[in-house]
Amino acid sequence: MQKWGPEINYLSYVDDTILFYSGQPTSIKKMMKVLRNHKEVSGRITGIKQGSFPFTYSGCLFFYGRKNGKHFEQLI
């Protein structure tokens, strides 16, 4: 990112957003503030609750940790 550009920049497409920041401490702090504010506001407005792993998004399984046979039962 350019030194004279915004501390946080973004790219959005449909329902996906990529956030970019410079990695400088002030930029990181600002990014974390934006994410905390977004989490608080979007949860109140939409009523969406935090989920848990594993979950499926666009037909792809997302999980955290070691692979488990249960994660792949639908494929078999």
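F62 has 38% relative accessibility, so F62 counts as partly exposed; buried means under 20% relative accessible area, exposed over 50%, and partly exposed in between, with a 1.4 Å probe and protein chains only. This is a predicted model, in which local features need pLDDT of at least 70 and side-chain atom pairs count only at pLDDT 80 or more, while totals for chains, interfaces and linings use all residues. Residues are numbered from 1 along each chain as its sequence is written, and side-chain values use heavy atoms, with hydrogens and water left out.

F62 belongs with F53 and F55 to one aromatic cluster. Rings of Phe, Tyr and Trp (its six-membered ring) pair if their centres lie within 6.5 Å; planes under 30 degrees apart count as stacked, over 60 as edge-to-face and the rest as tilted. The count by this rule is two aromatic pairs. In one of them, F53 and F55 are tilted, at 5.5 Å centre to centre with 35° between the planes. In the pair of F55 and F62 the ring centres are 5.3 Å apart and the planes stand at 10°, so this pair is stacked. F55 counts as partly exposed because its relative accessibility is 35%.

P54 lies in the loop between α1 and β3 (55–57). Its relative accessibility is 43%, so P54 counts as partly exposed. The C-alpha atoms of P54 and K70 are separated by 9.9 Å, and the two residues are 16 apart along the chain.

Elsewhere on the surface, L19, Y21, I28, M32 and L35 form a nonpolar patch with about 410 Å² of accessible area together. Accessible areas come from the Shrake-Rupley method with a 1.4 Å probe, and for residues only the protein chains shown count as cover. β2 (16–21) and α1 (25–46) each supply at least two residues of the patch, and α1 gives the most, with three.

The protein has one helix and four strands, in the order β-β-α-β-β from the N terminus. Helices (H or I, at least four residues) and strands (E, at least two) are DSSP runs, numbered from the N terminus. Buried residues make up 4% of the 76 residues.

Methods:
Patches are made of residues with over 30% relative accessible area and no salt bridge: like charges are joined within 9 Å, nonpolar side chains (Val, Leu, Ile, Met, Phe, Trp, Tyr) within 5 Å. A salt bridge is a side-chain nitrogen of Lys or Arg within 4 Å of a carboxyl oxygen of Asp or Glu.
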